[in-house]
Amino acid sequence: MSQGFTSQMARNIFYGGTAFFVLLFAALILHTETKIPERSKAGDLTPAVVRGKHLWETRNCIGCHTLLGEGAYFAPELGNVYQRRGPDFIKAWIKAQPTHAPGRRQMPQFNFTEAQLDDLVEFLKWTNGVNTEKWPPNIEG
Amino acid sequence: MPNATLKYSSQAVAKLYFIAALGLFTGQIIFGLTLGLQYVIGDLFFPLIPFNIARMVHTNLLIVWLLFGFMGAAYYMIPEESETELYSPLLAKVLFWVFLVAGALTILGYLLVPYATLAEMTGNDLLATMGREFLEQPLPTKLGIVVVALGFLFNISMTVLKGRKTSVSLVLLMGLWGLALMFLFSFVNPSNLVRDKMYWWFVVHLWVEGTWELIMGAMLAFVLVKTTGVDREVIDKWLYVIITLALVTGILGTGHHFYFIGLPGYWQWVGSVFSALEPIPFFAMTMFAFNMVQRRRREHPNQAAVLWAVGTAVIGFLGAGLWGFIHTLSPVNYYTHGSQVTAAHGHLAFYGAYVLVVIAMISYAMPMLRGRQANPRRAQSVEMWSFWVMSVSMGVMVLALTGAGVLQIWLQRMPTTGAMSFMATQDQLVFFYWIRVAGGVGFLLGLLMYLSSFFVGAASHEQTDTAANMRVRQV
């Protein structure tokens, strides 16, 4: 760096550059907020979906699974599991855990009620409907 | 006991923070090893410690020990930079115990109480914040973090206000305030998953690819000022250039997380363009470290600290820069998103950028906190070996995870028809996962070696050297 460029100039560029990009980011986020209802089909966000999300969170599902590609990479992607497996399979699968197959990865038994299982399925169904720009590339997630 | 090596006696509070950080780091690695084994022996420790619990402990311990490291670093750096005693050493000690006890209770809660029960017990039904990756902490813990952070920021801000204001302390302060500010988004959990995910990244991305880079830059600059004796004007200039590049690329770089989670398509352009530039600040950091070491005006007796500092600049660039770049462009990320490639990047980036910068600071400060300029040569030699053992082991892990990721993408993501299922694919990755475990074992050995270096004394012929070191003038 040349002698003419002082640390004070560098500092001013830092403040100006940061302020500019913070504002630009905020503007983009505000615009994105207006698009989320349509892209996520917020009209279909029923109380059952909200309850299902709460179950998803309080059982720490994200600690093993990914949801729209985010989470842990130990168990299958569930953003499109509704399409891949269907509602009945999902419920039967959760009820059948753990498999106790020796050496295989195990999912805990959560002792959900039928109503809770329905809520979870509603949540996964709604999530499956989010416009994810065609991700994942195929049904396997 | 008065410590003649410290310029300001209140810097001594940093020692507590550094010891806690290293203790929690060790816990993190033990749980990491457990996770690595669970990838190959699926039912290991089930149902006692299911994978999701072990992972939560692993990642939360990482965050907490890095925070301890940052706070310890700030308590050490700020008095020296401000040329005044810490505003309140007592507050620093009280907050240390509050944070340690809260952290320990949280980890015990994860391990001993079913997560759903823990959520119910801690008021998650009043304000649901739990069960989101890295933000799994119960509400009281999150509130505790805010209280500790505010107390801590008050303490160091007051110290800076009453003393000399340097670029290093201002950048550190901005980074720490930014960290605390962005953490407030952990209380935002909209019922719409898409919005939830968007604001979740405000904490996660704008921490590690935003505010934390300011903290890292300030810590690195401090260690380099002290160990190389290069003029502050030069170092300040570098520091501001680096953090400008970090925020200019990193803020809009958030877009690389917005490709496939339900947000508008334009984020693919914004995210790709700006995150493709994110390696630049890390590259600048590497140039910075090498440049300063080359232009050094003194031979600091603590050569181990210099190694960690250069190490963080280089491996930070590889992990955050290079391994970030390989999957950041949206057409690539379409296939790599949420695969083992992501895990590979996460490990190398955190290790290179944040683990190593905290160790660099500990390595520089701990001898001073123990009353000497630098550790005996034998201890430094063990420390430097531990750097190589940990770094090579991490390299093995990351290459194994990258290999696993590439194969996973090939089998599960690329085929348009007849793609392999997730679990069937995992069976094909076992070879890579075993190598990863081997890397993990090596890493633990490296860490134990590092910890042992604290107990290595001087060889008998070194006693005179050490006395000479004591007389080296501090910069």
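1. The contact between the chains draws 62 residues from chain B and 60 residues from chain A. Two residues are in contact if their C-beta atoms, placed from the backbone, lie within 7 Å. On the chain B side, the elements giving two or more residues include α2 (51-82), α7 (193-228), α8 (232-253), α13 (340-369) and α14 (377-413). Helices (H or I, at least four residues) and strands (E, at least two) are DSSP runs, numbered from the N terminus. α8(B) gives the most to that side, with 11 residues. By class, the side of chain B that touches chain A holds 34 nonpolar, 17 polar and 11 charged residues. Here Ala, Val, Leu, Ile, Met, Phe, Trp, Tyr, Cys and Pro count as nonpolar, Asp, Glu, Lys and Arg as charged, and the others, Gly among them, as polar.

2. This is a predicted model: local features need pLDDT of at least 70, side-chain atom pairs count only at pLDDT 80 or more, and totals for chains, interfaces and linings use all residues. Residues are numbered from 1 along each chain as its sequence is written, with chains lettered from A and ligands numbered from 1 in the order in which they are written.

3. The model scores ipTM 0.97 and pTM 0.96. Chain B has a mean pLDDT (the predictor's confidence in each residue, from 0 to 100) of 96, and 97% of its residues reach 70 or more. Residues 471-475 of chain B fall below 50; beyond near neighbours in sequence, this stretch has six contacts in the model.

4. Chain A divides into domain 1 (1-39) and domain 2 (40-141). The bounds come from an automatic or database domain assignment. Taken over C-alpha atoms, the centres of the two domains are 37 Å apart.

5. In chain B, α11 (residues 303-325) packs on α13(B) at about 160 degrees, with axes 8 Å apart. Axes are lines fitted to C-alpha atoms, for helices over the stretch in contact, and angles run from 0 to 180 degrees between N-to-C directions. α11(B) and α13(B) are therefore roughly antiparallel (angle over 145 degrees). The residues of this contact divide into 18 nonpolar, eight polar and no charged.

6. Check the backbone exceptions. Most residues other than glycine have a negative phi, and most peptide bonds are trans. A:W135 and A:P136 are joined by a cis peptide bond, omega about -5 degrees; A:P136 lies in the segment after α5 (114-128) of chain A. The bond from B:F46 to B:P47 is also cis, with omega near 5 degrees. A:N60 has a positive phi, near 55 degrees.

How values were computed:
Parallel < 35°, antiparallel > 145°, perpendicular 65-115°, else oblique.
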